[in-house]
Amino acid sequence: MKRFCGTGPIVEAADRCGLGGELSRRGFLVFSAGALASMAALGAARVWGAGAPLVILENPQGLLFADPARCVGCQRCELACTEFNDAVAAPSLSRIKISRNLNFGPAGPSGAPLLGAYGNGLVVQGLCRQCPHPVPCATACPQDAIVEDKATGARVVDEARCVGCRLCQRACPYAMMVFDEGKGKASKCFLCQGRPRCVEACPAQALRYAPWRDLTRESPALAAVSVIPPEKAGACAECHVPARNTPVKERPRSGS
Amino acid sequence: MTQSPGGFAGRVLRVDLSSGKVSREDTAEKYGDVLGGTGIGYRVLFDEVPAGTGPFDPANKLVFATGALAGTGVPCNGRTAVTAVFPTVWPAPLAGSGHMGGQFAAKLKYAGYDALILEGRADKPVWLFIRDGRVELRDASRLWGGGIRRATLEISQEMGPDCVVAAIGQAGERLAPLAIVANSVSHSAGGVGGVMGSKNLKAVGVQGSGSLRIAGPRDEWERLIKHHLSLLGANNQHVVPAFPSPESEYYNPGSRWVGEPGRRWGAADPPVEITGSILDLNRIAYRSNSAAFFLGEQAWRHTVRGNGCTACPIRCHTVVKMPSVAAKYGIKEVGQNTCVGLVFGRAFFRNMPGGNKGLGSLEACMVGMHLADDYGLWCNYGQLQRDFVKLYSDGTLKARLPAKEYASYDWDKYDAGDPAFLFDLIPRLSERQGELGQVMSQGTAGLFRHWGLKEEDWKRDHSTLYWKMGHPKHHANEDDGQCGVLINTQYNRDAQCHSHTNFVRNGLPIEEQKRLAGGIWGSPDSVDAVGDYRPMNVHKARRARWSLVRKELHDSLGLCNWMGPWVASPLKEQGYRGDDSLESKLFSLATGRATSREELDLMGERIFTLHRALTIRDMGTLAMREKHDLTPDWLYEDKHGQQPFTQGTIRMDRADIATALDMFYGVMGWDKASGAPTRETYARLGLDGAASALERLNLLPGDGNEPGK
């Protein structure tokens, strides 16, 4: 087995977790879940220092779950999201998405069968999955402006760092990023520091805040634009390597 | 989009369909004194539409207007008032408003507009595209002749799934006075569809991405919204449940709070059980089920969910699923509506197999909604169906219609209560086919105008529920004695006011209501128990005034007068008190303009009085008492001969109602002889401009202008 001799944030993080000595490309992947958990426990994802590319975010503690059969389409959750957090009434800026599915469901007015008020009545809520690593929106951000919220582990936009490039919007497979044209800033669900206003606002108990689990493998996702800024791509390549049994054709490196 | 000034979107959009010209006005600058909604509607009609303008003349204007609270998280917002010279008024057209809920009001505001004024007439069918700052008239020729749902689908394809489309159907296109404009499947404004059709305007599609600023402190806003939620009961602000509950001191079987724990939305997948505390603010949406309230217990089994307007936790529209109607009639198995829209189909029939709450009745309702909300036919608050039943039963239809036309209807199906009859009737009424379609689509006024039927006969026949001027009663003496009667005298269409009935029918025992009434209107005598009325007193006149003022306020703030005001609540610990200042608190925080209850009520009174001035101008007479504020004869009769002011009758007394009008005119500051506002009253309300305009027409009381002139 070839020893992995690279450097970079993953190795640096693994070293800090006391795992660096054991690290190999395949070895790391074999016990990556444990390693990630250990790193998460140590807050390793944040230890790389200012300016270093951010790759791994801890899994959040909680997540919003929704029951479409209970949704009454009132949009009180959307309005609570923007009014109680931003002092504006603006469903277009809400981090929970009802309006877009209200009339025709996720397939829209061109698709069949129809959901929503013009279809079978069912309203499917649009929710942020608070994705596990690699977090599409955070990975896409060239400014590392999508970071963890200390209280909940939610992936949140640091407005001070966001430059309004919208790459996160293109990267989210669930179309859950919102963009405030006035401010020129992106935003996303940040779980209201552990007291989600949408859950409080629902008059039909259609929403709940419950322990996190990975929903990204089961929810139908959009084909998002895969965006990885070059300075991060190297770090990603350190872990995201061919699987154990897949032969890989060596490609000549450019310039060599 | 520009920053909202707080609550308001800030601009009014004006579209001249004749020239295609689009312009914008500053809401506060131009309409600041009349808030929004009906206030803007009446102002535009008074200032810009001359007396004598017909409803379908290009000079008529159609004003879609909402208000400062629409589109925010305030519970029970979402209302748009659609004001125009109204086509169903007998004997001549006068100003009126249809009011629709749904998502239109909110979306218009997110697009940046508090109101939309439509004028002129396009030379060919068009629809209006509004996406934030971009406004265009687009060709509607491919939509013309089709239903509301197809127009909605095709426009949504062009504008995006979350746009809102307010469209007319075939009834509006053919200038039926009984035509609606509808948005969001089932939310309609009656009577104005034909006005839209006369402008060659098929639909208004709105897409808005903007924000409405909440001017006040964020935490105060959050507290106020939660305070408002805590005061809510069920639909019609019934604050007492219909069923006994350990959580409620009282219950009342007449209440619309029917969501008893143990009930379920049986057609939800999986079914949704109603569990837990009935007072839980996270379960408000389960309290009301209009299908169950109007169509009986069986409707629970077919309930998919509740639906309704933007931000309203009271879901007064019920989504109903009945696979049997898909199998039998080939229509969609899912339908939704509320109140008279829900029973639109059933109400045409004299008898239903299984009764009014049987399965056949439910199916007739499904067929009726399916057709009426697509063809865009209005029922004039059930008057269409009552007139149809009357005219069929007394042989008038057979006598008046050409024999061939009469025979073309399958009356055996009708007699059998077969919903299939509606597939013949509703499209023909909507498309105005034959004499039946031509005449009945005009409403009751059409019967008087074209068939020479006598209005007096309708006014005598209690079973018609006819009130005056082509329209029925709307929460009158059957709910609220003289107060209800006064309110029903005031408008040019049915009264559309719920402020009064939402209190007297809230389900609390009369002792509790009287205690509350003492605090709100100054005397426990301002309220009587339903059907146990006492002679008129001035406190009732004050409550009638308060009811009308709040009605216009709600219609101008974007709030729902089917739910508000909220002066009683389910909160025993608060002595069932609600909050009479709620509207002004919400307005103050949303807009950042500190406005007291008295100041806001004054604006409501100004709007209501502007409607009065407009009516006086357009009728060309001061004699409101004699010619406008009318009551039907059936009001003064009891089929068992019971005397007024005895328990168990809703019969009124003519002399007492005359006293009621005197007292009402007195508290309004109107001239008692004519029922017209005085110059001082116009001045007190900041309506000097209207007073001067009326003075030039000799329509101010005093100065030798006698009533009747």
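Visitor: Hi! Is B:Arg14 buried or exposed?
Guide: B:Arg14 counts as buried, at 8% relative accessibility. Bear in mind that this is a predicted model.

Visitor: Which residue does B:Arg14 form a salt bridge with, and how far apart are the closest N and O atoms?
Guide: The partner is B:Glu48, with the closest N and O atoms 2.7 Å apart. B:Glu48 sits in helix 2 (residues 37–48) of chain B and B:Arg14 in strand 1 (residues 11–16) of chain B, so the pair ties together parts that are 34 residues apart in sequence.

Visitor: And B:Glu48, how accessible is that one?
Guide: B:Glu48 is partly exposed, with 25% relative accessibility.

Visitor: Which residues are linked with B:Arg14 and B:Glu48 in a network of salt bridges?
Guide: The network also takes in B:Glu25, B:Lys30, B:Lys61 and B:Glu119. Over all chains, the count comes to 58 salt bridges.

Visitor: Switching topic: how many salt bridges are there across the interface of chain B and chain A?
Guide: Three salt bridges are found there. One pairs B:Lys226 with A:Glu200, with 2.8 Å between the closest N and O atoms.

Visitor: What else does B:Lys226 meet in a salt bridge?
Guide: The side chain of B:Glu222 also meets B:Lys226 in a salt bridge, at 3.0 Å from N to O. Both residues lie in helix 7 of chain B, four residues apart, which is about one turn of the helix. In general, an α-helix has 3.6 residues a turn, so residues three or four places apart point the same way.

Visitor: One more: where does helix 20 of chain B bend?
Guide: The bend is at B:Cys483, by about 85 degrees. Helix 20 (residues 477–489) has 13 residues, yet its end C-alpha atoms are only 12 Å apart, short of the 18 Å that a straight helix would reach.

Visitor: How many residues of helix 20 of chain B are buried?
Guide: For helix 20 of chain B, 13 of its 13 residues are buried.

How values were computed. Residues numbered from 1 in each chain as written. Chains lettered and ligands numbered in written order. Predicted model: local features only at pLDDT ≥ 70, side-chain atom pairs only at ≥ 80, totals over all residues. Heavy atoms only, no water. Helix = DSSP H or I, 4+ residues; strand = E, 2+ residues; numbered from the N terminus. Expected span 1.5 Å × (residues − 1). Bend = angle between axes of the 7 residues up to and from the residue. Buried < 20%, exposed > 50% of the residue type's maximum accessible area, 1.4 Å probe, protein only. Salt bridge = Lys/Arg side-chain N within 4 Å of Asp/Glu carboxyl O.
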